[in-house]
Amino acid sequence: MSQIEFTTRKWVRPEDLNANGTLFGGSLLKWIDEEATIYAILQLGNRRVVTKIISEINFLASAIEGDLIEMGLIATKFGNTSITMRAEVRNMITQKNILTVDHIVFVGLDASGRPMPHGFSVVTNDRDRIPTH
């Protein structure tokens, strides 16, 4: 299996904190879902993607205000209409892993909202799959 590339970084700000003064899990999950959506769009070549499954979320550590975190995703499987990926988040300051998600599944849809075959089976870092319409 390929190595996860940590391509997105976030700065933990006051509005991202919970009542304990640490990173609010809901903020982190929002960031992961947004990043996974962008990854799915690029890999499937389709702007119409929806989150189907987010498996067990394993919180390992946290972050505090001012910490820098980085998120990474890697495709683990291409289905006929879907992509499955794994996510990891780590704290760049403490070097600790914050979270892992083993399975995030997105499905590409056609204009009518039905699952649409995408025809891909490998990950690309090229921009040739970016939908232009």
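The structure is a predicted model, in which local features need pLDDT of at least 70 and side-chain atom pairs count only at pLDDT 80 or more, while totals for chains, interfaces and linings use all residues. Residues are numbered from 1 along each chain as its sequence is written, and side-chain values use heavy atoms, with hydrogens and water left out.

**Fold and dimensions**

- The protein has one helix and six strands, where helices (H or I, at least four residues) and strands (E, at least two) are DSSP runs numbered from the N terminus, and along the sequence they follow the pattern β-α-β-β-β-β-β.
- The radius of gyration, taken over C-alpha atoms, is 16 Å, close to the 14 Å that the globule rule (2.2 Å times the number of residues to the power 0.38) gives for 133 residues, so the protein is as compact as a globular protein of that length.
- Along the principal axes, the C-alpha atoms fill a box of roughly 45 × 30 × 25 Å.
- Among contacts (heavy atoms within 4.5 Å) between residues at least 6 apart in sequence, 69% join residues at least 24 apart.

**Surface and charge**

- The accessible surface, from the Shrake-Rupley method with a 1.4 Å probe, comes to about 7,800 Å², and 51% of it belongs to carbon and sulfur atoms.
- Of the 133 residues, 41% count as buried, which is defined as under 20% relative accessible area, with exposed meaning over 50% and partly exposed lying in between (1.4 Å probe, protein chains only).
- There are 14 positive side chains (Lys and Arg) and 15 negative ones (Asp and Glu), with His and the chain ends not counted; the centres of the two sets lie 5 Å apart, each charge being placed at NZ of Lys, CZ of Arg, CG of Asp or CD of Glu.

**Nonpolar core**

- A nonpolar core is a set of buried Ala, Val, Leu, Ile, Met, Phe, Trp, Tyr and Cys residues joined through side-chain atoms within 4.5 Å, and in the largest one, of 29 residues, L28, I69, I83, M85 and I104 touch the most other members.
- The elements giving two or more residues to this core are α1 (25-44), β4 (68-78), β5 (82-91) and β6, and α1 gives the most, with eight residues.
- Leaving aside residues up to four places away in sequence, M85 touches several residues, among them A36, L73, I104 and F106.

**The segment after β6**

- P117 lies in the segment after β6 (97-108) and is exposed, with a relative accessible area of 51%; beyond residues up to four places away in sequence, P117 touches N80 and T81.
- R114 is also placed in the segment after β6, and R114 and R48 are 66 residues apart in sequence and 9.9 Å apart in space, C-alpha to C-alpha.
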